[in-house]
2 protein chains.
Amino acid sequence: MAASVKDVARHAGVSVSTVSYVLSGNRPISEGTKQRVLASIEALGFQPHAGARSIRAGATDIFALVMPIDRDVRADVQMRFVLGVLRAARAKGKNLLLLPAEDGVDELTRLTAGSAVDGVLAMEVQVHDPRVPTLANLSKPVVLIGTPEDPQHLAHVDFDFTAAGALCARYLADLGHQSIAYLGQPAETFDREAGYAVRARNGALQTLHERGIHGVVDLPVELGRDGASEAIERMFRIQSETTGLIIYNEQALTHLLLRLEELGIRVPADMSIVAICPEAQALDAHPPVSNVSLPAAELGTVAVDHLLQLIDGRSPEPVVLPPTLVARGTASRRSVPRQW
Amino acid sequence: MAASVKDVARHAGVSVSTVSYVLSGNRPISEGTKQRVLASIEALGFQPHAGARSIRAGATDIFALVMPIDRDVRADVQMRFVLGVLRAARAKGKNLLLLPAEDGVDELTRLTAGSAVDGVLAMEVQVHDPRVPTLANLSKPVVLIGTPEDPQHLAHVDFDFTAAGALCARYLADLGHQSIAYLGQPAETFDREAGYAVRARNGALQTLHERGIHGVVDLPVELGRDGASEAIERMFRIQSETTGLIIYNEQALTHLLLRLEELGIRVPADMSIVAICPEAQALDAHPPVSNVSLPAAELGTVAVDHLLQLIDGRSPEPVVLPPTLVARGTASRRSVPRQW
DNA sequence: CTCGGTTGTCGAAACAGTTCGACTCCCCGG
DNA sequence: CCGGGGAGTCGAACTGTTTCGACAACCGAG
């Protein structure tokens with residue numbers, strides 16, 4: 001059995017409350033006693049019992065991170081977010097409990113109502129997310145990472161996928177491209193109404209429309225090399241004069257670039273490319289691709305910040321992180337379109 | 001404030017202990033009272049306070065998963081393991097607390113000595129892992145995922161990377177290949193003495209040696225397309241007659257295959273290939289590559305099982321999961337070696 | 001008709017910790 | 001020399017839950 005305050009008190013020859021005050025500093029304690037108590041704590045390897053402490057303090061310093069785990073795809077993107085949140089939480093001295101979204105709301109209710117966690121962070125919230133209403137009913141603060149259509153007064157933070165799509169579109173438009181294709185996530189992802197997929201596309205298409213660019217193709221890209229080849233082929237069939245590509249599909253990016261290379265299409269001479277993808281992937285690609293990257297770390301920080309504010313009784317404004325584009329030379333001023 | 005047993009007791013007109021017995025079923029309760037109490041619980045949305053419960057039960061049903069997070073590479077492989085452990089833990093009704101290994105042993109000591117967690121799972125344990133001695137001193141059960149040279153009586157589970165390497169080697173040897181190259185993780189990974197990298201290579205090399213195969217090249221592959229190209233080039237420079245490749249480098253696999261294709265080397269006609277990599281990656285590769293995959297899910301299950309046994313007072317035997325090779329047609333009987 | 005054993009319930013103690021109220025010194029100002 | 005106040009410490013109460021011991025009914029057996 002681990003040592004308790006009682007043991008420490010006995011060992012140091014003081015009362016239990018004195019030990020507690022030494023630990024909390026909530027009352028003055030003479031230097032002598034303090035040292036004696038600290039020595040006893042050290043000697044017995046005492047650590048206050050987290051559970052016992054939590055019942056008085058009303059807090060456990062643990063946050064729950066709810067995360068869909070059944071869709072194994074995009075594992076590395078997901079991991080980036082998890083690590084972002086984890087780092088942010090640890091930086092604030094909080095611990096992170098990982099909870100599969102698939103476990104449903106029951107376990108979450110147990111954890112929150114039972115005061116096992118101080119708050120909840122929900123990842124990958126979708127446009128019409130069935131979890132939102134139940135999350136809204138929890139007895140602890142909740143921060144959504146992702147923006148549902150109706151957030152029901154829940155705090156939420158997100159990356160501005162709309163702006164990200166728009167930024168890519170603007171970038172290519174500014175370079176003079178008139179025929180642009182948006183190659184997005186697989187169709188299934190749109191069917192789910194995943195916020196990132198839908199918003200990025202809408203942002204891009206909207207901007208292209210505003211710019212009066214009529215040569216626009218919008219295609220989902222399915223998994224694997226075949227999916228990529230097929231997408232490129234379809235894209236050219238629909239609009240052979242395409243000179244600009246906006247790619248938001250982590251799985252397909254490499255395959256797409258590869259396919260272009262196979263077809264003898266030079267980047268950026270014949271085809272300008274901008275991608276929405278993690279920094280590391282953009283750098284690992286061949287050639288390194290101009291990209292808008294998902295600020296996983298910042299998003300984690302903001303989410304944790306929001307949760308801390310909520311716990312503090314404040315109600316933070318929703319935050320939407322702006323995108324930044326890093327040019328790596330895969331997009332250039334439009335030249336004379338070739339026919340393929 | 002959340003409702004407590006007291007509130008429920010008052011609401012149902014019974015004593016506190018009766019409520020508790022209704023919940024635990026540890027003593028007979030008349031049907032009438034039971035219903036009344038359950039109704040009150042429902043009405044008040046009562047959930048027993050986890051902290052308070054843990055002080056009596058001596059358990060929190062939370063496991064800590066210690067994981068290095070600073071090396072962002074291999075994020076998706078890492079994620080697989082995390083999800084494996086998470087699923088396994090949840091299947092046993094346990095929750096998982098994610099803890100960055102970089103936070104050092106302090107937080108871990110706090111959590112274990114303070115009874116915040118029931119046990120610890122340590123991922124990516126290396127051959128000479130400095131964490132091992134400190135983990136051995138924790139006041140709670142520990143299971144290592146990975147095998148250090150000196151496990152210090154700590155329970156440990158692992159994938160049999162040695163056998164995986166050996167299996168790949170045997171497979172190619174059985175197909176008659178006499179000149180084989182092992183393309184492994186980046187040099188830095190070997191410098192760290194990452195167990196998986198070292199053991200897989202040794203297993204492969206050892207087996208090739210036993211088979212009396214003298215045409216063996218052993219090369220690390222650095223990151224990115226350039227690293228892959230360079231490795232292939234060096235490999236051929238050292239041993240131009242190579243007809244078999246064992247690849248264990250998730251980052252490089254695609255790049256390597258690509259490079260071979262560029263060089264006009266046909267798989268498997270000119271070059272037989274076996275890889276150690278996740279199933280999904282093997283399938284996504286072009287062509288889908290024969291591979292030995294890392295059984296992340298099973299490893300998670302075994303690790304959690306071990307921890308449960310330890311908590312139960314038993315001392316489970318270390319487990320090393322055997323590899324299986326899935327043939328996908330990227331390796332064939334050796335034909336006449338061509339010169340490149 | 002009484003004795004022994006269930007069945008059902010309650011009060012109190014226990015778990016580990018924090019905090020409030022009170023008490024004793026001791027110092028300083030009046 | 002007395003009173004006020006702060007420093008330092010303690011006991012007791014409190015947090016929410018589980019469990020032990022006790023006690024009252026009630027049943028069936030002798």
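1. Helix packing. In this predicted model, helix H5 of chain A (residues 75-91) packs against H5(B) at an angle of about 75°, and the two axes are 8 Å apart. An angle of 65 to 115 degrees counts as roughly perpendicular, and H5(A) and H5(B) are therefore roughly perpendicular to each other.

2. Residues in the helix contact. H5(A) contributes A:Ala75, A:Asp76, A:Gln78, A:Met79 and A:Arg80, while H5(B) contributes B:Ala75, B:Asp76, B:Gln78, B:Met79 and B:Arg80. By class, the residues of this contact are four nonpolar, two polar and four charged.

3. Strand pairing. The chains also meet through strands: E2 of chain A (residues 95-100) pairs with E2(B) in the antiparallel sense, over three bridges. Within this pairing, A:Leu97 has B:Leu97 of E2(B) as its bridge partner.

4. The interface as a whole. Between the chains, 40 residues of chain A are in contact with 40 residues of chain B. On the chain B side, the elements that give two or more residues are helices H4 (50-57), H5 (75-91), H6 (104-113), H11 (224-238), H12 (253-262) and H13 (279-284), together with strand E2 (95-100). Of these, H5(B) gives the most, with eight residues.

5. Composition of the chain B side. The side of chain B that touches chain A has 18 nonpolar residues, 14 polar ones and eight charged ones. For the H5(A) contact with H5(B), the corresponding division is four nonpolar, two polar and four charged.

Notes. Residues are numbered from 1 along each chain as its sequence is written. Chains are lettered from A and ligands numbered from 1 in the order in which they are written. This is a predicted model: local features need pLDDT of at least 70, side-chain atom pairs count only at pLDDT 80 or more; totals for chains, interfaces and linings use all residues. Two residues are in contact if their C-beta atoms, placed from the backbone, lie within 7 Å. Helices (H or I, at least four residues) and strands (E, at least two) are DSSP runs, numbered from the N terminus. Ala, Val, Leu, Ile, Met, Phe, Trp, Tyr, Cys and Pro count as nonpolar, Asp, Glu, Lys and Arg as charged, and the others, Gly among them, as polar. Two strands pair if DSSP finds at least two bridges between them. Axes are lines fitted to C-alpha atoms, for helices over the stretch in contact, and angles run from 0 to 180 degrees between N-to-C directions. Angles under 35 degrees count as roughly parallel, over 145 as roughly antiparallel, 65 to 115 as roughly perpendicular and the rest as oblique.
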